[in-house]
Amino acid sequence: MRRFFNLLKKNMNAFGLVFLMAISFCFAMFQGGFVSWFIFYSFLPFAAYAAILLFYPLHAITVERKASKRECHAGESVEIALTFTRKNRVPLLFMVIEEEMPREMEDRGIHRRLLTFPGFKRTISMSYVLENLPRGDHSFQSIRFWIGDFFGMIEKEAIFDSPMNITVFPPYHELDSLYLDRLFNHGQAGSTKKIQREHSVVSGVREYQPGDQLSWINWKATARTSEIMTKEFEVQKNQDVWIIHDDQPSILFEKTIEVVASFVHSLLKKGMRVGYASTGSSLILPAGEGRHQRRKIFTRLAKEGPGPTNELAEKGRKGDLPANAAVIFIVSEITREKVDILNAFRTNQGLTILSMKNPASLSDEGKHAMTAAITKGIKVSFIEHEQLLFDRTEAMAK
């Protein structure tokens, strides 16, 4: 009996169609006359079309999805093109297409449902635009669509798996040396020149140039030549800078990702070797240079999400980073736990904590953590997201 009801429920539309046909035919037979037969013959084409849709091979339709680009930066737009190809020209009154969006987009209220009227077309093409994409590695899985008849008696649905990934890199800002040095001189961030020359040796002297630090002045040569002379440095080949990102949940999480991306882009552009790690993963990207390294780090940044810390500090104690590499730990705010994580890399030179929180708004715990960091020989600097736009009106979009 249960199997009978399940079969009845599954084929309710078919039974309903047969029942309506039988009712209209019986009405015409017993009532007779022009009107009753006119009603029957008028309903017959619609019933026949519904019967055709009932047996229409919907799964024989092939679906193709294409994106205008598979990689972009947050805030950009991507056009998605859908192509449906069928083997016959049976007229279709309408087709409703619904894209199964990644969860990150659904949480933001991004949905896409399209309506088209194929008619006799064998190839059906349409497109839509996803605007202001959020950072992340977005995975598109399936496409759901359905067709129906004039009165909604028959409705058929099909779901096609069409996996596709779109990687949305974080936004970044162009930072030059003077901008970073200005932040450093105000005690707000690390200087790229300082990082570059931290492990350099003096190879000679030269005339003073704007931007040189006072500590570089060679006073003996200055007195001898009556002109300001500065030390000429022989930069060591190893100029590794390791950036560690704080993956702990915070309302400033996306801002810290943007700051990391800005520093990675700027340091690599200067020809320095940059490595990357995060507190939410034990995977450490070795230091590298050039566009390939930038893409590797940006791909990792696109996939970063809030999470607890793990064994990254233990890797620091084991010396997984080169001892002569500078380490910059970018955090949402300073805590004693984060100071301990960075302190695990104490064999490295130039440990810096770069906090996104204004020093004036630090809690007592944050102030104690800052004091502990300074005691351990760790530089503590502060930078606000708005300072990335200082004297800059263009955020990168290419």
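Rings of Phe, Tyr and Trp, the last taken by its six-membered ring, form a pair if their centres lie within 6.5 Å. The exercises below apply this rule to a predicted model.

**Exercise 1.** Locate F84 and F145 in the chain and decide whether each is buried or exposed.

*Solution.* F84 belongs to strand β3 (residues 78–85), whereas F145 belongs to strand β7 (residues 136–148). The cut-off for buried is under 20% relative accessible area. F84 has 1% relative accessibility and therefore counts as buried; F145, at 0%, is likewise buried.

**Exercise 2.** Classify the pair F145 and F160, and identify the strands involved.

*Solution.* The centres of F145 and F160 are 5.4 Å apart, with 10° between the planes. Planes under 30 degrees apart count as stacked, and this pair is accordingly stacked. Because F145 lies in strand β7 and F160 in strand β8 (residues 155–169), the pair ties together parts 15 residues apart in sequence. Both F145 and F160 are buried.

**Exercise 3.** Identify the cluster that ring pairs form with W37, and the ring over which the charged end of R294 sits.

*Solution.* Ring pairs join W37, F40 and Y41 into a cluster. The charged end of R294 sits over the ring of F298, at 4.5 Å from the ring centre.

Methods: Residues are numbered from 1 along each chain as its sequence is written. This is a predicted model: local features need pLDDT of at least 70, side-chain atom pairs count only at pLDDT 80 or more; totals for chains, interfaces and linings use all residues. Side-chain values use heavy atoms; hydrogens and water are left out. Helices (H or I, at least four residues) and strands (E, at least two) are DSSP runs, numbered from the N terminus. Buried means under 20% relative accessible area, exposed over 50%, partly exposed in between (1.4 Å probe, protein chains only). Rings of Phe, Tyr and Trp (its six-membered ring) pair if their centres lie within 6.5 Å; planes under 30 degrees apart count as stacked, over 60 as edge-to-face and the rest as tilted. A charge sits over a ring if NZ of Lys or CZ of Arg is within 6 Å of the ring centre and within 35 degrees of the ring normal.
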